[in-house]
Protein chains: 2
Amino acid sequence: MMSTLEIQAGSAEAHQGETVKIRGHVHTVRDLGNLAFVVVRDQTGTVQTIVEEPSLLEMAKKLTPESVVELEGRVVAQPKKGVEISVCGLEILSRAETVPIELAKTSKVDALALTTMLDYRPITLRTEKARAIFIIEAEMCRAFREYLGQQSFREIHSPKLVSTGTEGGANLFAVDYFGKRAYLAQSPQFYKQMMVGVFERVFEIGPVYRAEQHDTTRHLNEYISMDYEMGFIKSEQDVIAMQVRLLKHMFASVSENCAKELALFGAVVPKFETIPQLKLAEAIELLRTKLGWTGEDGDLDPEGERLLCQYFLKETGCDLVYVTHYPLSSRPFYAMPCPSENGGAPLSHSFDLLFRGLEVTTGGQRIHLYQDLMAAMRGRGLDPETFSDYLQCFRYGMPPHGGLAIGLERLAKQLLGISTVKLTALFPRDINRLGP
Amino acid sequence: MMSTLEIQAGSAEAHQGETVKIRGHVHTVRDLGNLAFVVVRDQTGTVQTIVEEPSLLEMAKKLTPESVVELEGRVVAQPKKGVEISVCGLEILSRAETVPIELAKTSKVDALALTTMLDYRPITLRTEKARAIFIIEAEMCRAFREYLGQQSFREIHSPKLVSTGTEGGANLFAVDYFGKRAYLAQSPQFYKQMMVGVFERVFEIGPVYRAEQHDTTRHLNEYISMDYEMGFIKSEQDVIAMQVRLLKHMFASVSENCAKELALFGAVVPKFETIPQLKLAEAIELLRTKLGWTGEDGDLDPEGERLLCQYFLKETGCDLVYVTHYPLSSRPFYAMPCPSENGGAPLSHSFDLLFRGLEVTTGGQRIHLYQDLMAAMRGRGLDPETFSDYLQCFRYGMPPHGGLAIGLERLAKQLLGISTVKLTALFPRDINRLGP
């Protein structure tokens, strides 16, 4: 082909009357006998091309969806349809076999069984809605880093190969590390705390691993955790205040930069000035007395989370609610204790954030004094010796600190109203799935 | 304490005459009898405080380095030394045990044995030079994402738990995945290629794993790989051209935003308009005939990489050099073949980038046609069935594409002239080290 202006589908409108070159996947082919319409898809969207030239027509008619082509032609105005490209040159860069799924038909793709969707992940990800999910996730990550960078947080990369678990040893994947036993990190918890001693404020976006046997719409065995940890806090309320501002920035960024993608899901980002809070004991009381909940004390079950969010949405207009003051016994050993109330069990300076019925964040203040941490470990029957590396930072001076983790896939699931986190992970891992 | 203006060490100069509060780690304490100097360190730097108040003096003299304190006092000008804070209030938030290393003395820290430095990583990371390394790495990551975002690359998160290796099965860490065998990903290679079929251009910064038994200054068993992959290229030269612009942006960003950190190492960022290139065969010829190298054919050894970089620095003033056209047999099966020269072995459209004597990038064009990829696998004795998930994207249309990976720790090592990559990873993993 000649050296012609290369354009993208999304900019075709701006090139009316010009001869251009465009490259992309064949989205659809419509054979009308003496002409064919070939819709071409690239990174920016789709554009219709029309092939009438007899020497190209047979080739065009035989194009299979997803084949990769390079087309040359003139951009012509089409009444009511914007522009189309009248093709004078066509080259096939990669011919696709017959795709087993009609990727261009949203209703057919939406109706696929989850296993089919995931078994064919490399191609089902090519659909407009699947792409939109990961465009939004990328924007969330960008905005997360942008905001925390502005707030003097430093990005860190902590190891995922570790020698001990952070939560007491359950649900760890074991790795054969040169004949020794290693584990995959369940969270960057210990490392981000150590790094508070170095940088005061740190964040990390990275994979975490949970060897949980659950196979639900809320669980992944590998997921992306968006963590931050900050020093010199007064209580967990400083961590919460930071997150409220962070989420505002993230939602505003997604709203501004991903309007088209949100619209595909009919999704609206939450709008709020503050996020309501209540203590876990209050939440349980409310659920029991007003919302007909019959779950067990000590934590919220999925039904409790849904009912509570429905209630707060109705009462306050907010899609999010913080549940605070979890019992110390239901939190890891490093959770900062806080006095019990009404003679109840000891509580902790910890919180969960619920978003449209699902927990998307766990966080809190941590114990920062060495002796207190040692006592907390012993109180749980943990051997401090196992944690000697972690304990170093506390022996040698740590500020009061706290932090949280946001599950990226859960945040996207709730924002977009998607049925399962398996569809908000690019290549999800669950108890039955290690591929693609 | 009263509600006083809270400031950071780095901004003390701007508050002369004011009463302020400052929080941080005790950097050093100097006991002069009737007064004590306490240097306090926070995220922004250090500031000297002077304690003369009798009620605080004994407490100040007993402060241990790394203890976390909150100080209140008046900012007073000090001839020749900027400002110091005359302390009227002192609270200890966390008292440090006696630190076994004099962290404030750079020469003593620099002289530590590597194992000591790493065994005490949570506290040796608090030194100014160690912090500088990771400030620079964070800036490199930020600039990498910024530039590629501007070039229409999308960020992805690919799984690190995988069912097959990308390089043929060697050097994989095995994971017990619910009774099945999984591996830790050696690279996001297959996934970033699949995602080229989705987004055309993608990038990822994430951990990768190599179960190599090497224990050298160049190897880590877990490291941070900065990957990109791009569609619709004509050859590996498009991948190289993108990296040249990317590196310019990254180095310019580090130069602009991390001048103080660079200065600690006497480091200068490379300046270049283009980066010289030569074919591997030419490099070997040059090494043998002009540079006295006696290594083996087929690849460059560390000595060859050093000599080649010295030569190009002298000849062209450039700290970087691309070596291209590696033999096909020394590259993975997905490398795009290119014709052999002078009847030699088949070559590949691949390259390495050497920076001040060390390979920091491997990349190339990939095979994008299904049949060619199947043939390449069979030619290497690989069973395509093992790769059926990966092969999906090729069966259903893939553009010509290529990409590369930059090793973050190596890039920082070479930029700063640090002796080993173990010091440019926060918490390095090697054959003998799983902690801290």
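**A strand and its partners**

Modeller: Happy to! In this predicted model, B:Leu278 stands opposite B:Val323 in strand 14 of chain B. That pair belongs to the contact between strand 13 (residues 277-279) of chain B and strand 14 of chain B, which run parallel and are joined by three bridges. Strand 14 of chain B also pairs with strand 17 (residues 350-355) of chain B, here in the antiparallel sense and over five bridges. In strand 17 of chain B, B:Phe355 is the bridge partner of B:Leu320.

Now for the covering of the strand. Strand 14 (residues 320-324) of chain B has five of its five residues buried. In a regular strand the side chains alternate between the two faces of the sheet.

Eight of its strands form an open sheet with mixed pairing, in the order 7-11-12-19-18-17-14-13. Strand 7 (154-155) and strand 13 (277-279) of chain A are the edge strands, each pairing on one side only. Within the sheet, strand 17 (residues 350-355) and strand 18 (residues 358-366) of chain A are antiparallel and share six bridges; A:Ser350, for one, has A:Gly364 in strand 18 of chain A as its bridge partner. Helix 10 (residues 302-316) of chain A packs on this sheet, touching strand 13, strand 14 (320-324), strand 17 and strand 18 of chain A, and its direction makes about 75° with that of strand 17 of chain A. Helix 13 (residues 408-416) of chain A packs on the sheet as well, in touch with strand 12 (222-231), strand 17, strand 18 and strand 19 (401-407) of chain A. The direction of helix 13 makes about 135° with that of strand 18 of chain A.

Back in chain B, helix 1 (residues 54-61) has the buried residues B:Leu56, B:Leu57 and B:Ala60. They lie on the same side of helix 1 of chain B because they cover an arc of only 115° around the axis. The face turned away from that buried side carries B:Pro54 and B:Ser55, which are exposed. Among the elements covering the buried residues of helix 1 of chain B are strand 2 (19-31), strand 3 (36-42), strand 4 (45-51) and strand 6 (82-94) of chain B.

Terms used: Residues numbered from 1 in each chain as written. Chains lettered and ligands numbered in written order. Predicted model: local features only at pLDDT ≥ 70, side-chain atom pairs only at ≥ 80, totals over all residues. Heavy atoms only, no water. Buried < 20%, exposed > 50% of the residue type's maximum accessible area, 1.4 Å probe, protein only. Helix = DSSP H or I, 4+ residues; strand = E, 2+ residues; numbered from the N terminus. Arc of directions from axis to C-beta. Contact = heavy atoms within 4.5 Å. Pairing = 2+ DSSP bridges. Axes fitted to C-alpha atoms, helices over the stretch in contact; angles between N-to-C directions.
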